[in-house]
Amino acid sequence: MAFWSSTSVFTSKVPRKILFMFTLSLSVTYLFYSLMSCYNSLQFPLQETYVYQGRLVTEEATFVTLREKLYSASQGFTEFSEAERTTVHSTVKDHAEAEQRTVEWIRTQASPTRSAAARRTTAQEREHQEFSTTDSELSVNCTMDYGEKKLPQAIIIGVKKGGTRALLEALRVHPDVRAVGNEPHFFDRNYEKGLDWYRDLMPSTLEGQITMEKTPSYFVTNHAPKRIHSMARDIKLIIVVRNPVTRAISDYTQTLSKKPEIPTFEVLAFKNRTLGLIDASWSALRIGIYALHLESWMQYFPLSQMHFVSGERLIVDPAGEMAKVQDFLGLKRIVTDKHFYFNKTKGFPCLKKPEDSSTPRCLGKSKGRTHPKIDPDVIRRLHKFYKPFNMMFYQMTGQNFEWELEEDSESRSSQD
């Protein structure tokens with residue numbers, strides 16, 4: 001009873017508002033020093049920062065934010081009744097308990113025993129929860145800075161002067177295809193450098209994108225099938241083929257542009273022209289024996305993992321050939337006839353210019369060279385030489401490329 005009477009006298013002499021503010025100040029001061037002592041014991045790694053919505057936020061700043069939230073809860077009080085003071089005291093107590101739980105949580109998250117990898121994982125999870133980027137917000141050109149480098153899932157393995165560059169450039173228009181621009185020559189010239197070296201050449205890809213490369217010499221390299229199979233037995237292989245006679249002349253034309261001093265095509269094509277003995281060891285002619293090279297590949301890969309592109313149809317109907325290639329790769333048919341136009345000067349289709357470019361995307365000066373005039377008798381003998389190999393190739397692939405029709409057309413033209 002004496003206690004209550006003394007309390008009544010004290011409260012009667014001191015205004016209620018001053019008493020409440022004094023009590024509240026003591027509570028806030030106590031919380032402040034408690035938090036500061038906890039903060040000193042946490043030993044946050046101040047050098048480690050996390051990225052939140054484009055801002056660098058240190059763990060120290062995060063703790064300051066928590067303190068600011070606590071102070072903001074104690075602002076804006078004016079006059080209070082006895083019941084309000086009771087509510088405020090209980091609220092402050094609740095804040096203290098909540099703050100203690102928060103401090104314990106932070107201590108757990110920032111414990112020195114946690115590894116750096118675990119801290120990075122937690123930061124990435126929190127970052128993912130705060131913001132995300134949709135696929136529509138990522139352009140194809142930005143892929144270079146994102147994703148990861150992978151070994152190719154598809155390779156254009158041949159053939160030289162068949163139209164492989166034109167095919168690759170058309171495929172690179174597709175947003176789900178990422179390809180190396182230069183020929184890596186990994187499986188024929190650089191295999192000793194290892195798969196890590198090869199992977200590092202590849203562009204970064206996002207989920208759902210295909211990594212590709214092209215090196216036409218793989219098709220005629222004996223050990224390439226085994227090496228590629230050991231890397232990825234389920235890889236998809238693309239082979240662009242054209243009439244072997246036309247391909248050989250194109251091959252010779254390219255070499256002639258670099259070495260004008262080489263003998264004529266007719267001289268190189270025959271061991272003995274009088275007897276009609278063709279020199280099949282000459283690389284320009286040997287590449288065109290497609291059935292011989294395909295036999296090596298079929299020892300390691302089924303036909304279902306190979307797709308053969310007609311170099312002739314790639315010129316006259318690029319959209320049609322691209323539709324088949326996209327189907328084979330499991331891609332949506334995005335590259336269509338609207339992406340091509342026929343360049344009369346070069347004599348083959350070019351890609352229409354992108355919206356951000358002032359010039360169309362056409363193959364360079366090394367493509368579409370004028371072929372030297374070859375003796376019609378030499379061309380006729382070469383067609384005869386290749387015919388049995390072509391028939392065998394048609395049978396192996398299940399496709400008729402109709403190169404004999406070109407031979408008949410050339411024969412009629414020479415008679416006119």
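Biologist: Are Arg165 and Glu169 buried or exposed?

Modeller: Burial is read from relative accessible area: buried means under 20%, exposed means over 50%, and partly exposed lies in between, using a 1.4 Å probe and protein chains only. In this structure, Arg165 and Glu169 are both buried. This is a predicted model, in which local features need pLDDT of at least 70 and side-chain atom pairs count only at pLDDT 80 or more, whereas totals for chains, interfaces and linings use all residues. Residues are numbered from 1 along each chain as its sequence is written, and side-chain values use heavy atoms, with hydrogens and water left out.

Biologist: In what do the side chains of Arg165 and Glu169 meet?

Modeller: Side chains of opposite charge can pair when their charged atoms come close. Such a pair is called a salt bridge when a side-chain nitrogen of Lys or Arg is within 4 Å of a carboxyl oxygen of Asp or Glu. Arg165 and Glu169 form a salt bridge with an N to O distance of 3.0 Å. Because they stand four residues apart in helix α6 (residues 164-171), about one helical turn separates them. Helices here are DSSP runs of H or I with at least four residues, and strands are runs of E with at least two, numbered from the N terminus.

Biologist: How many salt bridges does a search of the whole structure find?

Modeller: The search finds 13 salt bridges. Asp200 counts as exposed because its relative accessibility is 52%, while Lys149, at 35%, is partly exposed. Another salt bridge joins the side chains of Asp327 and Arg333, at 2.4 Å from N to O; Asp327 is partly exposed, with a relative accessible area of 41%. Salt bridges also link Lys160, Arg247 and Asp251 in a network.

Biologist: Which residues of α9 are buried?

Modeller: Among the buried residues of α9 are Arg247 and Asp251, together with others including Val245, Ile249 and Tyr252. The expected span is 1.5 Å times one less than the number of residues. Helix α9 (residues 244-258) has 15 residues and should therefore span 21 Å; the distance between its end C-alpha atoms is 22 Å, which agrees.

Biologist: Which residue caps the N-terminal end of α9?

Modeller: A polar contact is a pair of N or O atoms within 3.5 Å; within protein, one must be able to donate a hydrogen and the other to accept it, and residues adjacent in sequence count only if both atoms are side-chain atoms. Here the cap is Asn243, with a side-chain oxygen 2.9 Å from the backbone nitrogen of Val245. Asn243 is found in the loop between β8 and α9, and it is buried because its relative accessible area is 1%. Contact means heavy atoms within 4.5 Å. Apart from neighbours within four places in sequence, Asn243 is in contact with Tyr290, Glu312, His383, Trp403 and Glu406.

Biologist: In which strand is the place of Val241?

Modeller: Val241 is in strand β8 (residues 236-241). With a relative accessibility of 0%, Val241 counts as buried. Beyond its neighbours within four places in sequence, the contacts of Val241 include Val159, Tyr290, Glu312 and Trp403. The C-alpha atoms of Val241 and Gly288 are 8.6 Å apart in space, although 47 residues separate the two in sequence.

Biologist: How many of the 11 residues of helix α14 are buried?

Modeller: Helix α14 (residues 318-328) is mostly covered, with eight of its 11 residues buried. Its buried residues include Met322, Val325 and Phe328. Among the elements that cover them are α6, β8 and α13. After α14 comes Gly330, with a positive phi near 75 degrees.

Biologist: Which residues form a nonpolar patch on the surface?

Modeller: Patches are made of residues with over 30% relative accessible area and no salt bridge; like charges are joined within 9 Å, and nonpolar side chains (Val, Leu, Ile, Met, Phe, Trp, Tyr) within 5 Å. Accessible areas come from the Shrake-Rupley method with a 1.4 Å probe, and for residues only the protein chains shown count as cover. Ile315, Val316 and Phe342 form such a nonpolar patch, with about 300 Å² of accessible area together. Ile315 belongs to helix α13 (residues 311-316) and is partly exposed, at 34% relative accessible area.
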